[in-house]
Amino acid sequence: MAVYVDDMKAPYRGMIMCHMVADTEEELHAMADLIGIARRWYQGDHYDICLKRRALAVQYGAREITMRQLGCMVANKRATGSLGDPATAVALRRTLRAEASARRAGISEAAE
């Protein structure tokens, strides 16, 4: 089980924000409580947090990931119900995209 913070740097009201997700809601809310993020900022499956809070999360054990890894992990959760680890999620996303591309190619060839 783990909490993850991505490397997004989106400006918002004078702050720079990133995403924080976790394998379970309990872990996510526990980390939010630990780093001083109010529950009202919960967005259904993640928190947007400022870089100061990100540094605290990392200090308390959150794993740093890229935005791309996070996107793949979210897609993995939609497909399997679990975020999975970053490397596995990226590999699964590549496989799913390749399979979809092959299906589209097969459909295109059958239509000709």
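**Chatting through loops, helices and salt bridges**

Trainee: Where is Arg13 found?
Mentor: Arg13 sits in the loop between strand E2 (10–12) and E3. Strands (E, at least two residues) and helices (H or I, at least four) are DSSP runs, numbered from the N terminus. Residues are numbered from 1 along each chain as its sequence is written, and side-chain values use heavy atoms, with hydrogens and water left out. This is a predicted model, where local features need pLDDT of at least 70, side-chain atom pairs count only at pLDDT 80 or more, and totals for chains, interfaces and linings use all residues.

Trainee: What is the phi of Arg13 near?
Mentor: Phi of Arg13 is near 50°, a positive value in a residue other than glycine.

Trainee: And is Arg13 buried or exposed?
Mentor: Arg13 is exposed, at 72% relative accessible area. Buried means under 20%, exposed over 50%, and partly exposed in between (1.4 Å probe, protein chains only).

Trainee: Switching to the surface, which residues make the nonpolar patch?
Mentor: Tyr12, Met15 and Trp41 make it, and the patch covers about 290 Å². Patches take residues with over 30% relative accessible area and no salt bridge, joining like charges within 9 Å and nonpolar side chains (Val, Leu, Ile, Met, Phe, Trp, Tyr) within 5 Å. The areas come from the Shrake-Rupley method with a 1.4 Å probe, and for residues only the protein chains shown count as cover.

Trainee: Where is the place of Met15?
Mentor: Met15 belongs to strand E3 (residues 15–22). With a relative accessible area of 34%, Met15 is partly exposed.

Trainee: Helices next. Which residues of H1 are buried?
Mentor: In helix H1 (residues 25–35) they are Leu28, His29, Met31, Ala32 and Ile35. Seen down the axis of H1, these fall within an arc of 160°, so they line one face of the helix. The arc is taken from the directions from the helix axis to the C-beta atoms.

Trainee: What covers the buried residues of H1?
Mentor: The cover includes strand E1 (3–5), E3, strand E4 (47–50) and helix H2 (51–59). Contact here means heavy atoms within 4.5 Å.

Trainee: What follows H1?
Mentor: Gly36 does, with a positive phi near 85°. Helix H3 is followed by Gly81, whose phi is positive too, near 90°.

Trainee: What span should H3 have?
Mentor: At 1.5 Å a residue, the 14 residues of H3 (residues 67–80) should span 20 Å, and the end C-alpha atoms are 20 Å apart, which agrees. The expected span is 1.5 Å times one less than the number of residues. Buried residues of H3 include Leu70, Cys72 and Met73.

Trainee: How many salt bridges turn up in the whole structure?
Mentor: A search finds two. The criterion is a side-chain nitrogen of Lys or Arg within 4 Å of a carboxyl oxygen of Asp or Glu. Asp33 pairs with Arg39, their closest N and O atoms being 3.6 Å apart. Asp33 is partly exposed at 49%, and Arg39 is partly exposed at 45%.

Trainee: What meets Arg54 in a salt bridge?
Mentor: Glu64 does, at 2.9 Å from N to O. The pair links distant parts of the chain, with Arg54 in helix H2 and Glu64 in strand E5 (residues 63–64), ten residues apart. Arg54 is buried at 14% relative accessible area, while Glu64 is exposed at 51%.
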